[in-house]
Amino acid sequence: MNKTFKIPFSFQRIPKFRFCFAPKEKMVRYFVNPYEKDGSNLVLNNEVVVQQINDYVKNIVKRLQPTHKNVEGGLYVGITGVSFMFYYLSKNPLLSEYKNVYIEKAQEYLRPALECSAGESTSFLLGDAGTYALAAVLLKEKGDGRFSEFLKKYKALYSQYLNPKFLKCGGDEFFVGRAGYLAGALWMSRELQMKIFSAEEMYKICDMMVTSGREYSKRCRSPCPLMYHYYNTQYLGAAHGLSFILQILLTVPGYMDCNKSAAQDIKATVEFVASLQTEDGNWPCCMEEVGLNNHKLIHWCHGAPGTIYLMAKAYFIFKDPRFLESCIRAGDLIWQKGLLRKGPGICHGVAGNGYVFLLLYRLTGDEKYLQRAKLFASFMNTEEFVHDARLPDNPESLYEGTAGTLCFLADLLVPDKAEFPFQDVFSNYLL
């Protein structure tokens, strides 16, 4: 297995992007896993992975230019996400010889986004908040004191999140809501090794999220204490739904101890989400699908590959082995049906599902999960995947395309530190 990845798409830029809503498709969603019986002895050495990374980097730089027309989509599918990828690669100790080049490229791809930002979009994944967070971290990495300017711009958005009517479409989820803003603040605090907000400031947003969840739960007569909607759909997954919101509430240091009433409702809602796991290990996409027989979406955005991070965080917080068992069941499902035809990305692609095995490897120390992650990486280089996988809407982007794949490949080099972007369940954050 010493061949390098071929880039499996005829790249065509598609300027528009889709929010990650649950698709309604009748096609076969995944490739049959060819490694269930064979492939356990695959050797994917570091040299091969580094070469694969270099090949993907060359293609991204060639296919996606750092221009104003490619800013739309922010971290999710815009050039800000490619900038994050270069920063992420620069932090990898096994890629240290390329560090300076990666940092320069990260700045190059971020510059047009900064030039287009007006401070009006509070969204972390799709707008200015994510751009400011990355700018602060990148400039600090270079020893540039101007990083504080972008930190101030990020913090200047804070008061908008305290407005109870912040967003009519649903102001608590990851992409555009409060959970995303808190995730960005936690990420910056770790990368910058400094406090971004005081504990009281973080807790005010958490309180707002809990209040919002309680009020909507009562309004829709939800069976659990906290419930949320995004465009009037009660999503359960990581992209727009309950699982990421709960994970952030569990992650903000000290919040569960500070607000005991909120802690009770958070724990009860986490247990409710755990109870919705199906026999095969998946979760419904949304509350409207609870009770249906077949839940086909096995994506980070909707399904087990995203909800598993909540279960992992709950295992750490509550020390209940049932949550670890839930993670293992989800991993077994993803091993069987996780080689997605939708492409290589981390939102709804093979790399995102491969990340699950790196999570399970860190949770359990079991080498079989690291091997499974390597096999998912290897599959993206097979002729079957090259010819039959779908072209993502944004082929080079962080969440839909190969920029996210690169983060996954880089983490294969340092599996003890692997983390899905902005969704680390292992770190102790500063407050």
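This is a predicted model: local features need pLDDT of at least 70, side-chain atom pairs count only at pLDDT 80 or more; totals for chains, interfaces and linings use all residues.
## Helices and where they come from

Helices here are DSSP runs of H or I with at least four residues, numbered from the N terminus.

Helix α14, which covers residues 350-364, gives the most to the lining of the second largest cavity, with three residues. This cavity has a volume of about 60 Å³.

Its lining is made up of Tyr309, Tyr355, Leu358, Leu359, Ala418, Glu419, Phe420, Gln423, Asp424, Val425 and Phe426. By class, eight of the lining residues of the second largest cavity are nonpolar, one is polar and two are charged.

## The largest cavity

How many cavities of 30 Å³ or more are there? The count comes to three, and the largest cavity has a volume of about 110 Å³.

The largest cavity has 13 lining residues, and Ile248, Phe422, Gln423, Asp424 and Tyr429 are the ones that lie nearest its centre. Helices α7 and α9 (242-251) each supply at least two residues of the lining of the largest cavity. That lining divides into seven nonpolar, three polar and three charged residues.

## How α7 packs on α8

Helix α7 spans residues 178-192, and its axis lies 10 Å from that of α8. The two helices pack at an angle of about 155°. Angles over 145 degrees count as roughly antiparallel, so α7 is roughly antiparallel to α8. The crossing of α7 past α8 is left-handed.

Which residues make the contact? On the α7 side they are Arg178, Ala179, Tyr181, Leu182, Ala185 and Leu186. Facing them on α8 are Met202, Ile205, Cys206, Met208, Met209 and Ser212. Sorted by class, this contact of α7 with α8 holds 10 nonpolar residues, one polar and one charged.

## The largest pocket

Helix α8 turns up again here: residues 199-219 form this helix, and six of its residues make up the largest share of the lining of the largest pocket. About 420 Å³ of space lies in this pocket.

The largest pocket is lined by 19 residues, with Pro164, Leu167, Ser212, Arg219 and His229 nearest its centre. Ser212 is also one of the α8 residues in the contact with α7. In the lining of the largest pocket, seven residues are nonpolar, five are polar and seven are charged.

Notes:
Residues are numbered from 1 along each chain as its sequence is written. Side-chain values use heavy atoms; hydrogens and water are left out. On a 1 Å grid over the protein atoms alone, a cavity is a set of points where a 1.4 Å probe fits but cannot get out, and a pocket is an open set with protein on both sides within 12 Å along at least five of seven lines; lining residues have an atom within 4 Å of a point. Grid points are joined across faces, edges and corners, and a volume is the space filled by probe spheres set on the points. Ala, Val, Leu, Ile, Met, Phe, Trp, Tyr, Cys and Pro count as nonpolar, Asp, Glu, Lys and Arg as charged, and the others, Gly among them, as polar. Axes are lines fitted to C-alpha atoms, for helices over the stretch in contact, and angles run from 0 to 180 degrees between N-to-C directions. Angles under 35 degrees count as roughly parallel, over 145 as roughly antiparallel, 65 to 115 as roughly perpendicular and the rest as oblique. A crossing is left-handed if the near helix is turned anticlockwise from the far one by less than a right angle, and right-handed if clockwise. Contact means heavy atoms within 4.5 Å.
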